[in-house]
Amino acid sequence: VADSRFTACQVAEAGARKVAVVPCGTDLSPAAPRPGDRAGFGLGGPVALFLGELKPRKNVGFLLRVWAEVAARVPSAVLLIAGDGPERRRLCGLAKRLGVWDRVRFLGRVPEADKPRLYALADVFLFPSLLEGFGMPVLDAMASGVLALVSNRGALPELAEVGPLRVIPLERQEEWAEKITEILKNPGHHQGVRGMTWDSAAAQMATAFKAVAGA
């Protein structure tokens, strides 16, 4: 059982004869920010959010270079980077060299219970990953009503089928900057996603098990 068609193809290439695709689910839904959260993070304007591990595959260095262009166009915007990992020190240094240190908040690792409040603050979710087998933070962001911008790598484009998502190749850095700028200047939230619940995933998993049992 694979959680995306992309991963299913990888499993098949590894020798599996039968592969069922059962996407992950989410229990999140659109919510309003909690009182005081914007002030607590020092937010006075529109907000972009990245959530994930700070390691090379997540490509956050690319995101910071894009943000340097966006920051010049939307002076009040802030980028929240939620997560931790081996790249954190290097990324902090890069943010300083790019001159956007005061326009970025490195939040460190965020408990699961606190993630919904971050999605509620965001006007756009940014995920320029080099490789994803599914993309759980993207699904959570979309379910929370936040438009997501993602790379065209791995399974990420598949999520465009279920929610508010824009896919932009990593080779088009200027297009990333332009689209982020457009969204931050005209923010708006969406209705979330439908049919991507954990109950739905459980039902599909049960169907996959029954198919194996009856084979």
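## Rings, core and sheet

Let's start with a cluster: ring pairs link Phe 50, Tyr 119, Phe 125 and Phe 127 together. Rings of Phe, Tyr and Trp (its six-membered ring) count as a pair if their centres lie within 6.5 Å; planes under 30 degrees apart are called stacked, over 60 edge-to-face, and the rest tilted. Keep in mind that this is a predicted model, where local features need pLDDT of at least 70 and side-chain atom pairs count only at pLDDT 80 or more, while totals for chains, interfaces and linings use all residues. Residues are numbered from 1 along each chain as its sequence is written, and side-chain values use heavy atoms, with hydrogens and water left out.

**The aromatic pairs**

By the ring rule, the count comes to 5 aromatic pairs. Two of them are set out here.

| Pair | Centre to centre | Angle between planes | Type |
|---|---|---|---|
| Phe 50 and Phe 127 | 5.7 Å | 15 degrees | stacked |
| Tyr 119 and Phe 125 | 5.9 Å | 55 degrees | tilted |

Which parts of the chain does the pair of Phe 50 and Phe 127 tie together? Phe 50 lies in strand 1 (residues 47–51) and Phe 127 in strand 4 (residues 124–127), so the pair joins parts that are 77 residues apart in sequence. Strands and helices here are DSSP runs numbered from the N terminus (strands are E, at least two residues; helices are H or I, at least four).

Phe 50 is buried at 0%, and Phe 127 is buried at 1%. Tyr 119 also counts as buried, at 1%, and so does Phe 125, at 0%.

**The core**

A nonpolar core is a set of buried Ala, Val, Leu, Ile, Met, Phe, Trp, Tyr and Cys residues joined through side-chain atoms within 4.5 Å. The largest one has 62 residues, and Trp 67, Phe 125 and Val 138 have the most contacts inside it. Helix 3 (residues 60–73) gives the most to this core, with 8 residues. If you skip neighbours within four places in sequence, Trp 67 has contacts (heavy atoms within 4.5 Å) with residues including Ala 48, Leu 79, Val 104 and Ile 180.

Six strands make up an open sheet: 6 strands in the order 3-2-1-4-5-6, with parallel pairing. Its edge strands are strand 3 (104–108) and strand 6 (165–167), each pairing on one side only. Two strands pair if DSSP finds at least two bridges between them. Strand 1 and strand 4 run parallel and are joined by 2 bridges, and Leu 49 stands opposite Phe 125 in strand 4. Strand 2 (residues 78–82) and strand 3 also run parallel, with 4 bridges between them; Ala 82 has Gly 108 in strand 3 as its bridge partner.

In a regular strand the side chains alternate between the two faces of the sheet.

**One more residue**

Ser 4 sits in the segment before helix 1 (5–13). Ser 4 is buried, with a relative accessible area of 3%. Leaving out residues up to four places away in sequence, Ser 4 touches Val 21, Gly 133, Phe 134, Ala 155 and Glu 158.

Technical notes: Buried < 20%, exposed > 50% of the residue type's maximum accessible area, 1.4 Å probe, protein only.
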